Amino acid sequence: MKLHQLTVLAVVAATQLGATDCGQVLKDPGFDLWCGDTLCAWKLERGTIERAPTWHEKDAGVAFTGDDDAIEQFAPVNDGDGHCIVFDLIADVDLGADVMLNIDIEGDGSVERSEPIPTSHWQPLQYAIAIAPPFDGVRFEITKHGSAHAVVAQIAAHTDASACDGLVPIASADPAPDGGRCGLGTDCTSGSCTGGIFGGVCQGCDSLGGSCAGGICGLGDPRGPAFPIPQTCVAVHAKELGEHCALGVECASTVCVEATCSSCDPAGAACAGGLTCDAAYTIPNGGQANRAYVCGAGSHLVATGGACGADTDCASAHCNGAVREQCLDGRACSTAASCPAIGLDPTPCSTVGIQGGSCQ
């Protein structure tokens, strides 16, 4: 078995808890999980794929059936897991098929390394890469160009500190975004690194509540599931009921409770009309944080135009607004792929209520 060495850069990094499954980096490395005619754990970026037989009748693989195909998976692996990743790959690639394994550190769309998957007939191959810390997540992409036959049966990946001796690592091509880890301000797109060389975080502004041109330093949207919610410049009084916040001045209502824009504060002034200020959202999975609070939550008493987070708040039984979906940490999401992972599995993306709701 030949060891192909993929180069990837080394620097001193801050320690972070690992995010693999006992050292395993990729979910469904054998392409066994199919949701209808597409893969469950891998995202089809473009082109066409289909389930295909391999060298063993009980083992399926993924066939790239178009002339320009690509699948990807964002893995939450970080430098807390280790800086060396080993891939074990088995494929059936005919002459004329241009098949590549692309490495995109932190999933920002900039491919730092591309390696060919050579012409072979179920020959096991192994690749080792070393990635420069700090890094939070890697997008792995398999692409195929040309009309020739190409089937990949396995692309397993695991961390192994001893396999990268002598390799020159590569680093992310771009400075870290807001929420990324840093040692110095020059590591960040924003130029601002809080916390210093022993574990800093890139922030879009220096301190919560600080001044920003035309706004205030508040909470922004994370760039991806591996990144925390960052500090960034936001417009004053622009966030709706249910959006996350650090300060009341971020919210149209001027009230921020449990890091969520609310219409009232249970520890503040009483609600008008004898209504009680209570949580408008039910957070699934036993969660209690990141809930919006409204006067008359669940009472069926809130009048037309009053703030609401669910139909049960309103006398009309209709709360008008957009559905609010969020991860356990309060960030907005559309699927679980937008949420931070535990091991290789993302945490849930749950519908919690109505964002910016008002009773109709």
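Does Trp122 count as buried or exposed, and at what relative accessibility? At 16% relative accessibility, Trp122 counts as buried, where buried means under 20% relative accessible area, exposed over 50% and partly exposed in between (1.4 Å probe, protein chains only). Trp55, at 45% relative accessibility, counts as partly exposed.

This is a predicted model, in which local features need pLDDT of at least 70 and side-chain atom pairs count only at pLDDT 80 or more, while totals for chains, interfaces and linings use all residues. Residues are numbered from 1 along each chain as its sequence is written, and side-chain values use heavy atoms, with hydrogens and water left out.

**Aromatic pairs**

The count comes to three aromatic pairs. Rings of Phe, Tyr and Trp (its six-membered ring) pair if their centres lie within 6.5 Å; planes under 30 degrees apart count as stacked, over 60 as edge-to-face and the rest as tilted. Two of the pairs are set out here.

| Pair | Distance between centres | Angle between planes | Class |
|---|---|---|---|
| Trp55 and Trp122 | 5.9 Å | 50° | tilted |
| Phe87 and Phe140 | 5.3 Å | 75° | edge-to-face |

Trp55 lies in the loop between strand 5 (49–53) and strand 6 (60–64), and Trp122 in the loop between strand 11 (120–121) and strand 12 (125–130), so their pair ties together parts that are 67 residues apart in sequence. Strands (E, at least two residues) are DSSP runs, numbered from the N terminus.

The rings of Phe87 and Phe140 form an edge-to-face pair. This pair links distant parts of the chain, with Phe87 in strand 8 (residues 84–93) and Phe140 in strand 13 (residues 136–145), 53 residues apart. Both Phe87 and Phe140 are buried.

An open sheet has three strands in the order 25-29-26, with antiparallel pairing; two strands pair if DSSP finds at least two bridges between them. Its edge strands, strand 25 (307–308) and strand 26 (319–326), each pair on one side only. Two bridges join strand 25 to strand 29 (residues 350–359) in the antiparallel sense. Cys308 has Gly357 of strand 29 as its bridge partner.

**The cavity**

There is one cavity of 30 Å³ or more. On a 1 Å grid over the protein atoms alone, a cavity is a set of points where a 1.4 Å probe fits but cannot get out, and lining residues have an atom within 4 Å of a point. The largest cavity holds about 50 Å³ of space. Its lining includes Ile283, Pro284, Gln326, Ser350 and Val352.

How values were computed: Helices (H or I, at least four residues) and strands (E, at least two) are DSSP runs, numbered from the N terminus. On a 1 Å grid over the protein atoms alone, a cavity is a set of points where a 1.4 Å probe fits but cannot get out, and a pocket is an open set with protein on both sides within 12 Å along at least five of seven lines; lining residues have an atom within 4 Å of a point. Grid points are joined across faces, edges and corners, and a volume is the space filled by probe spheres set on the points.
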